[in-house]
Each structure stands twice: as C-alpha cells, then as structure tokens.
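Reader: I would like to go through the charged contacts in this model. Could we begin with the terms?

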Amino acid sequence: MARETEAFDPDEERMETLRDIADDIRGDSSESKLVAAMLYRVSDLFDPDEETTPRDIFINMREIIRTKSEN
C-alpha cells in the first residue's frame, strides 16, 4: 500500500485549478459556498505551503457540515 502523502505531492498547477473552480462556482447560495469551500480545502493537499492530509480535510469538512445542519 502506498503512503498517503505520495499521491498528494505539491502541485501548484493543480492547486490553482481547484481554487479557480471554487471561485467560479461560489455563488449566493449556502450550498454553492459549501462546495466551493470543500474544493478550496481539497486544494490545500497540493499547496506546498500547507501540511494537511485527506483525513484532516475530511474531519474539517465533516464538522462544518455537521454545524451547518444543526442551524
């Protein structure tokens, strides 16, 4: 089994692409803002200045969704 970090080596082009898509889909609805936030958070996997894992992102997004659904 491959190490988790091998699949997510820094890739600024991929990071920028994900962030551009997030900017494009962000709208006025809470759903579009949430999806954009998810894409932006996933882009952190490829940001050379960030140290995050898929698990970190999953936990972060799960808490955001849980908090949102409680409101």
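Predicted model: local features only at pLDDT ≥ 70, side-chain atom pairs only at ≥ 80, totals over all residues.

Reader: How many salt bridges does the structure hold?

Author: The structure holds seven salt bridges.

Reader: What is the N to O distance between Asp-44 and Arg-19?

Author: The closest N and O atoms of Asp-44 and Arg-19 are 2.8 Å apart, and the two residues form a salt bridge. Asp-44 lies in the loop between helix H2 (30-43) and helix H3 (54-70), whereas Arg-19 belongs to helix H1 (residues 12-25), so this pair ties together parts that are 25 residues apart in sequence.

Reader: Are those two buried or exposed?

Author: Asp-44 and Arg-19 are both buried.

Reader: And what about Asp-47 and Arg-19?

Author: Their side chains meet in a salt bridge, at 3.1 Å from N to O. Asp-47 is in the loop between H2 and H3 and Arg-19 is in helix H1, so the pair ties together parts that are 28 residues apart in sequence. Both Asp-47 and Arg-19 are buried.

Reader: Which residues are linked in a network of salt bridges?

Author: The network links Arg-19, Arg-41, Asp-44 and Asp-47.

Reader: Changing topic, how exposed are Glu-63 and Arg-62?

Author: Glu-63 has a relative accessible area of 34% and is partly exposed. Arg-62 also counts as partly exposed, at 35% relative accessibility. The side chains of Glu-63 and Arg-62 meet in a salt bridge, with 3.8 Å from N to O.

Definitions and conventions: Residues numbered from 1 in each chain as written. Heavy atoms only, no water. Salt bridge = Lys/Arg side-chain N within 4 Å of Asp/Glu carboxyl O. Helix = DSSP H or I, 4+ residues; strand = E, 2+ residues; numbered from the N terminus. Buried < 20%, exposed > 50% of the residue type's maximum accessible area, 1.4 Å probe, protein only.
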